[in-house]
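Here are some notes to read alongside the structure. Take them one at a time, and keep the 3D view open as you go.

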Amino acid sequence: MRQVERLSHTRWECKYHIVFIPIYRRKTLFGQIRKELGEVFHRLASQKESLIEEGHIMADHVHMMISIPPNYAVSQVGGFLSGNSAIRRGRS
């Protein structure tokens, strides 16, 4: 069944397939980082009122199907997720 979201005057269903690839496609997304990264992406997406519907973390890239409200640009949310996830990984 389709899930249609609502804002005050609109109904929307905006889902996007986003792929993140580390520089030089380094195979750095494995082990403990892989487990922590899923939680980090979900927490950051909720800050932008978005929901990760489905995601797969491979050794050298990340696929995710994300539902983004129309009041945010896709590039804005994608940049927020990739930039802040890199900062969070650097602190660990």
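Leaving aside its neighbours within four places in sequence, which residues is Glu-53 in contact with? Keep that in mind as you work through the points; the model is a predicted one.

1. **The question about Glu-53.** This residue lies in strand β4. Apart from neighbours within four places in sequence, its contacts are Lys-15, Met-65, Ile-66 and Ser-67. Another residue to look at is Cys-14: it is 39 residues from Glu-53 along the chain, and the two C-alpha atoms are separated by 11 Å.

2. **The overall plan.** Now step back to the whole chain, which has two helices and five strands. The C-alpha trace spans about 45 × 25 × 20 Å along its principal axes.

3. **Contacts along the chain.** Take the contacts between residues at least 6 apart in sequence: 60% of these join residues at least 24 apart.

4. **The aromatic pair.** How many aromatic pairs does a search of the whole structure find? The search finds one. Its members are Phe-20 and Phe-41, with 5.7 Å from centre to centre and 10° between the planes, and the pair is stacked. Phe-20 belongs to strand β3 (residues 15–20) and Phe-41 to helix α1 (residues 32–47), so the pair links distant parts of the chain, 21 residues apart.

5. **Buried or exposed?** Phe-20 counts as buried because its value is 14%, and Phe-41 counts as buried because its value is 5%. Across the chain, buried residues make up 30% of the 92 residues.

6. **A charge over a ring.** Next, find Lys-48, whose charged end sits over the ring of Phe-80, 4.8 Å from the ring's centre.

7. **A backbone detail.** Glu-49 is found in the loop between α1 and β4 (51–57). Its phi is near 60°, which is a positive value in a residue other than glycine. Most residues other than glycine have a negative phi.

8. **Surface and charge.** The chain exposes about 6300 Å², and carbon and sulfur atoms supply 53% of that area. Among the side chains, 14 are positive and 8 are negative, with the centres of the two sets 5 Å apart.

Technical notes
Residues numbered from 1 in each chain as written. Predicted model: local features only at pLDDT ≥ 70, side-chain atom pairs only at ≥ 80, totals over all residues. Heavy atoms only, no water. Phe/Tyr/Trp six-rings, centres within 6.5 Å; stacked < 30°, edge-to-face > 60°. Helix = DSSP H or I, 4+ residues; strand = E, 2+ residues; numbered from the N terminus. Buried < 20%, exposed > 50% of the residue type's maximum accessible area, 1.4 Å probe, protein only. Lys NZ or Arg CZ within 6 Å of the ring centre and 35° of its normal. Contact = heavy atoms within 4.5 Å. Areas by Shrake-Rupley, 256 points an atom, 1.4 Å probe, with all protein chains shown as cover. Lys, Arg positive; Asp, Glu negative; His and termini not counted. Charge placed at Lys NZ, Arg CZ, Asp CG, Glu CD.
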